[in-house]
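Colleague: I'm new to reading protein models, and I'd like to go through one with you. Could we look at it together?

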Amino acid sequence: MFALLEACRAGLLRPDNWMRNIVAGVIVGVVALPLAMAFAIASGVKPEQGLYTAIVAGLMVSAFGGSRVQIAGPTGAFIVILSGIVEHHGVDGLQIATFMAGIILVLFGLTRLGAVIKFIPRPVIIGFTSGIGVIIWVGQWKDFFGLPPVTGEHFHQKFWHLLQALPHLQWNTTALAVLSLLLVVFSSRLPRMSRVPGPLVALVVATALQSMFHFEGVATIGSTFGGIPRSLPSLQWPEVSMGRVVELIGPAFAIAMLGAIESLLSAVVADGMAGTRHDSNQELVGQGLANVVSPLFGGIAATGAIARTATNIRNGGNSPLAGIVHSLTLVLIVLFLAPYAGNVPLAVLAAILFVVAWNMSEARHFVRMVRRAPRADVAILLVTFGLTVFADLVVAVNIGVVLAMLFFLRRMAGSVEVNRQTDAMLRKEFAYDGFQGLPDEVYVYAVDGPLFYGAIGAFQAALPAVHHEPRVVVIRLGRVPFIDATGLQVLEDAVQGMQRRGIRVMITEANGRVHRKLGRMGLIEKLGHDNLTLSFTQALERAREETGYEHG
């Protein structure tokens, strides 16, 4: 159920609930103003495109998403991917990739993959978000310090060139940037300023100073982009060809995956703050629709914004009305205040992104994980972080997830045990069933854990112990939750090998899922129906009949 309908059924759209959501929406809209422009510029597009994205995505996700308090728009997490797409494919390529990513996200939601995306391990998420934070921070040095443009395809090249350019920083720009940074961080501690967003204070003060004094050498939105149009964009369909689709399918998947991860993380945070419960699949559908529509109106990729969502909740927002008001607030700002944006210094936007980068880096969590997490998780964290910074975000996430899967499989495989059970181990079961012990010619093996391709080593290592040629081998699968094709094949090979040696093999206690797989594999037919039992007691009875052993 999409958010607007769910809120309506919950009674959250009644008039007595309007005021708190209108107030929260206006506050979030004001907070989104500098962030949307900063993220757009850092992504390689014009500042107004960030505003258009916040307007369109905010409306779409609030109406059709799966969380009633989610605020969507451009975010810092996208900067690395989007700037790379603009650099290699142009702004039109970015908009086509965003459109495609929206379709992918809708398909993710319709095929109910929302829960699957949540399985991405925490070390991978912390690793790539921290890496993105570092890239954003270094990427803003140029505007923060007023440095000349630098070249370099890779991070380490750009970083080295920026270090070489630092002695030539522009003092007016740097001073304005430092003042802005201090205001972003500390203005909320001033008397009567606790509820005024720091980025807004910095934006207003820096813009006012630049408007009054016209500091020499300070780059502004007007001098760099020609200002912001005092109008809303019209609908424009991107020129899509099959060649462009094939060319941009990789970037589109990158946008979709990162958007899905960020939006669901934001929704989880919102649930914890507001006591709500989001629908992950509907959230992906809403995010997908937002990314389909956004580029049609000049926007870029969008996802759930954790900071803006938290601001919404802290200021009383509890329904999609707040997100809709946030978008309408930005519409009014574009229509009536756009002429004043020409004097906004790029340095203040860089200062805002410095703080965004610090928050994204989750430095304290990163250091704590390095110190306290298991070594395998630390390795995944550091590899993902390093690849994000020095190679590519998509490569980093892919390799991080693969490493996490391999470590998980190793742990799972190590937890699987195959033991030959002795009379001492079976004493309680014998006492209950009235048996005195196992015949010498009967071996019992118990498998404890999933019998999958990563765990077959334990199974293969245990069976060679069958070297005294028993007449019956009983394999207990009662503690095997599932079995895959490799496990089935190894089990079949072991059964047929023992049968060729004249050993009767019996399988017992398999659950319904395992039993069905044994049947589909044809193993029950090869084993013989009499050799597949539901209870261990029944298997022992047949084993004793086979060996002529009587129990007391």
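Colleague: In which hand, left or right, does α12 pass α13?

Modeller: α12 passes α13 in a right-handed crossing. A crossing is left-handed if the near helix is turned anticlockwise from the far one by less than a right angle, and right-handed if clockwise. Before we go on, this is a predicted model, where local features need pLDDT of at least 70, side-chain atom pairs count only at pLDDT 80 or more, and totals for chains, interfaces and linings use all residues. Residues are numbered from 1 along each chain as its sequence is written, and side-chain values use heavy atoms, with hydrogens and water left out.

Colleague: How do I describe two packed helices?

Modeller: Two packed helices are described by the angle between their axes and the distance between the axes. Here, the axes of α12 (residues 242-274) and α13 (residues 280-293) come within 10 Å and cross at roughly 125°. That makes α12 oblique to α13, since angles under 35 degrees count as roughly parallel, over 145 as roughly antiparallel, 65 to 115 as roughly perpendicular and the rest as oblique. The axes are lines fitted to C-alpha atoms, for helices over the stretch in contact, and angles run from 0 to 180 degrees between N-to-C directions. The helices (H or I, at least four residues) and strands (E, at least two) are DSSP runs, numbered from the N terminus.

Colleague: Which residues of α12 and α13 meet?

Modeller: Ala260, Ser263 and Leu264 in α12 meet Ser280, Glu283, Leu284 and Gln287 in α13; contact means heavy atoms within 4.5 Å.

Colleague: At what angle do α2 and α15 pack?

Modeller: Helix α2 (residues 18-42) packs against α15 at about 50°, with the axes 7 Å apart. That makes α2 oblique to α15, and their crossing is right-handed. Among the residues that meet are Trp18 and Gly25 in α2, and Leu321 and His326 in α15.

Colleague: Where do nonpolar side chains tend to be in soluble globular proteins?

Modeller: They tend to be buried together. A nonpolar core is a set of buried Ala, Val, Leu, Ile, Met, Phe, Trp, Tyr and Cys residues joined through side-chain atoms within 4.5 Å. In this model the largest one has 96 residues, and Phe128, Ile255 and Leu349 have the most contacts inside it. Helix α4 (residues 79-110) gives the most to this core, with 14 residues. A second, separate core of 29 residues includes Val480, Leu488, Leu518 and Ile524.

Colleague: What is Ile255 in contact with?

Modeller: Leaving aside neighbours within four places in sequence, the contacts of Ile255 include Phe78, Leu94 and Ala301.

Colleague: Is Asn318 buried or exposed?

Modeller: Asn318 is buried, with a relative accessible area of 16%. Buried means under 20% relative accessible area, exposed over 50%, partly exposed in between (1.4 Å probe, protein chains only). Asn318 is found in the loop between α14 (306-314) and α15 (320-337). Beyond four places in sequence, the residues in contact with Asn318 include Leu12, Arg20 and Arg68.

Colleague: And Glu239, buried or exposed?

Modeller: Glu239 is exposed, with a relative accessible area of 74%. This residue lies in the loop between α11 (221-225) and α12.

Colleague: Where is Leu532?

Modeller: Leu532 is in strand β7 (residues 532-533), and is buried at 15% relative accessible area. Not counting residues up to four places away in sequence, Leu532 touches Ile507, His515, Leu518, Ile524, Leu527 and Arg542.
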